[in-house]
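Have the sequence and the 3D view open beside you.

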Amino acid sequence: MTRKQDMAALLDKFEADAAKEHDKKEAKASVSADASEERATSLVSMTKSDKARLTAIAKAHGLSLSAFFRLAADEYIANHEW
């Protein structure tokens with residue numbers, strides 16, 4: 001399987017899992033977040049076409065691009081022994 005196919009498989013699995021799990025994780029995050037915890041901003045560089053594609057995927061699941069990136073990173077870490 002090529003690297004591009006591996007990434008497509010990861011995204012397909014993520015999309016299926018995200019549709020089931022993102023509401024639960026988002027609710028848990030909002031309940032467990034401490035009021036004194038400050039938010040931080042991180043910049044991610046990508047092409048405009050990548051941003052449009054990823055934003056469309058995120059919105060299809062009711063997520064902001066930021067929430068999509070956080071969930072994707074958490075899923076990757078959990079499933080790839082990081």
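Here are some questions and answers about this predicted model.

Q: What makes up the secondary structure of the protein chain, and what pattern does the chain follow?
A: There are three helices and zero strands. Read along the sequence, that gives the pattern α-α-α.

Q: Where is confidence lowest in the protein chain, and where is it highest?
A: Confidence is lowest in α1, with a mean of 64, and highest in α2, at 97. For the protein chain the mean pLDDT is 80, and 57% of the residues reach 70 or more. Please keep this in mind as you look around: where pLDDT is low, the predicted coordinates should not be read in detail.

Q: Why is Val-44 called exposed?
A: Exposed means over 50% relative accessible area. Val-44 has 54% relative accessibility, so Val-44 counts as exposed. You can find Val-44 in the loop between α1 (3-32) and α2. Its C-alpha lies 10.0 Å from that of Ser-66, and the two residues are 22 apart in sequence.

Q: Why is Ile-77 called partly exposed?
A: The partly exposed class lies between the buried limit of 20% and the exposed limit of 50%. Ile-77 has a relative accessible area of 42%, so Ile-77 is partly exposed. This residue sits in helix α3. Together with Tyr-76 and Trp-82, Ile-77 forms a nonpolar patch on the surface, and the accessible area of the three comes to about 380 Å².

Q: How do you know that Asp-50 and Arg-53 meet in a salt bridge?
A: The cut-off is a side-chain nitrogen of Lys or Arg within 4 Å of a carboxyl oxygen of Asp or Glu. For Asp-50 and Arg-53 the N to O distance is 3.5 Å, and their side chains meet in a salt bridge. A search of the whole structure finds one salt bridge.

Q: Why are Asp-50 and Arg-53 separated by about one helical turn?
A: They are three residues apart in helix α2, and therefore about one helical turn separates them. Asp-50 counts as partly exposed because its relative accessibility is 28%. Arg-53, at 39%, counts as partly exposed too.

Q: Which residues make up the largest nonpolar core, and which element gives the largest share?
A: The core has eight residues: Leu-54, Ile-57, Ala-58, Leu-63, Leu-65, Ala-67, Phe-68 and Leu-71. Two elements, α2 (48-60) and α3 (65-79), each give two or more residues to this core. The largest share, four residues, comes from α3. To belong to such a core, a residue must be buried, and its side-chain atoms must join others within 4.5 Å. Across the protein chain, buried residues make up 16% of the 82 residues.

Q: What makes Glu-81 stand out, and why is Glu-81 called exposed?
A: Most residues other than glycine have a negative phi. Glu-81 has a positive phi of about 50°, although it is not a glycine. You will find Glu-81 in the segment after α3. Its relative accessible area is 78%, so with a limit of over 50%, Glu-81 is exposed.

Key. Residues are numbered from 1 along each chain as its sequence is written. Side-chain values use heavy atoms; hydrogens and water are left out. Buried means under 20% relative accessible area, exposed over 50%, partly exposed in between (1.4 Å probe, protein chains only). Patches are made of residues with over 30% relative accessible area and no salt bridge: like charges are joined within 9 Å, nonpolar side chains (Val, Leu, Ile, Met, Phe, Trp, Tyr) within 5 Å. Accessible areas come from the Shrake-Rupley method with a 1.4 Å probe; for residues, only the protein chains shown count as cover. pLDDT is the predictor's confidence in each residue, from 0 to 100.
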